[in-house]
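Please examine the structure shown below.

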Amino acid sequence: MSARSWVPGWVVAAVAAVALGCGGADTPPGPLADSVDAPERLFAVDSLGSTEGDDSFGGIVDVALSPEGVLAVSQFGLGEVWVFDAMGRRQVVGRSGQGPGEFGSVPHVAWWGDTLLVVDGGRSRVSLMAGDGRYLRGHATGPRSAAARYGPVGYLRSGLTVAAPRTTSSSTPEPNPILLVGTDGQILDSLGEARHRRVSAYAALPNERGFVFLNPLANYTRTELSPDGRYFGTADELEGPDGSELRFVLYDDTGNQLGRTAVGVETDPASDDDVLERTGDIVESLSTRHGLPVASVRKSILEAVQAPDRLPALSRFLVDNAGNLWVGSIVKGGRVVWRAWNIEGDLVRMWIADPDLELKQIHDGGAVAVRRDDVRGWRVVFVRPRGAG
């Protein structure tokens, strides 16, 4: 890693705008200026990581870019967080263990100003760490929100965080409230409802014995914060015969509702390989159980799930610093089309990303993503559409 700054120019501009208070909290979110006639292809403008050396990553689980341009990275099986300043210099925060400032597994990281939030998944605990690695304080998520998705959220500017209870059941349970939680872990308020559903289809096997197939993409209420902590949004989906209706609600950093909208999206079935990649275990199990060739089971599943209404349109959800609501939808070839709506329901931007590119945060003009490269290993990638910025 050279001594140059690796933070792309569009990130620097976004950081400066936040620092100067441009577009303050009272400014309503507005549309972006780019055309939405066709999706804009995303290209890498910089990256972090290599196959060897101090900045070589294992399996990257989560990343977060602070308003000051400091990057935090958590990795699979590593009870510590790697923090990189704008010059690419690495600092290790935390270590494996059970004590204060020690972690088991770290599924999620986030920033609250210059304070790093580390979510310890094994202990359902949130730790607040100073930028220099010092442990500040921490709290358990509590019994009511032990299964909450603290994950890609973090703290709002007001000091609240959003916890959306989530179940792994394939049934449709009673709706649960979305919780507002303080920095001490206390539940302060609740709003709206969080639901969990699975999209199902009946697949008929060659021996006339059928089964109900549950699409691997769970359909539950998404909650997401903007990277600067000014907004948070919720997204839900209702399935229809020709596609999906996506329902959004946008809130400010204190939980006040700014608006709600609903948009229709015609779903595009994933490619055969994309569907089967997410159903490998099911295929093998059914093949063994019913004594059928793997190819026959695969064909039955594809016939059941390739109808447009079988693949949820809302596979990923993010909120940007302008309060726009982004939805990532898998399309043919495994690529992901990202569409952005403002809270009035206007489509304001479209991006298309390669299948191996997982967007984690959307800033002004570009995004921070994770990519697994067979040759160069895991990398944090900064992307933007060609010609932007």
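In strand E5, Val93 is the bridge partner of Val81, and Val92 is the bridge partner of Trp82. The model is a predicted one, in which local features need pLDDT of at least 70 and side-chain atom pairs count only at pLDDT 80 or more, while totals for chains, interfaces and linings use all residues. Residues are numbered from 1 along each chain as its sequence is written, and side-chain values use heavy atoms, with hydrogens and water left out.

Strand E4 covers residues 81–84 and strand E5 covers residues 90–93; 4 bridges join these antiparallel strands. Two strands are said to pair if DSSP finds at least two bridges between them. Strands are DSSP runs of E with at least two residues, helices are runs of H or I with at least four residues, and both are numbered from the N terminus. The hairpin of E4 and E5 has 5 residues between its strands, and Gly88 there takes a positive phi near 85°.

Strands of a sheet pair through backbone hydrogen bonds, either parallel or antiparallel.

A further open sheet has 4 strands in the order E19-E20-E21-E22, and the pairing is antiparallel. Which strands stand at its edges? They are E19 (222–225) and E22 (257–265); each has a single partner strand, so one side of each lacks a neighbour in the sheet. Here neighbouring strands are turned by 20° against each other on average, direction ignored. Within this sheet, 9 bridges join E20 (residues 231–239) to E21 (residues 244–252), and the two run antiparallel. Ala235 stands opposite Phe248 in E21.

The protein chain as a whole contains 4 helices and 29 strands. Of its 389 residues, 51% are buried, that is, under 20% relative accessible area with a 1.4 Å probe, counting protein chains only. Among contacts (heavy atoms within 4.5 Å) between residues at least 6 apart in sequence, 51% join residues at least 24 apart.

Technical notes
Buried means under 20% relative accessible area, exposed over 50%, partly exposed in between (1.4 Å probe, protein chains only). Axes are lines fitted to C-alpha atoms, for helices over the stretch in contact, and angles run from 0 to 180 degrees between N-to-C directions.
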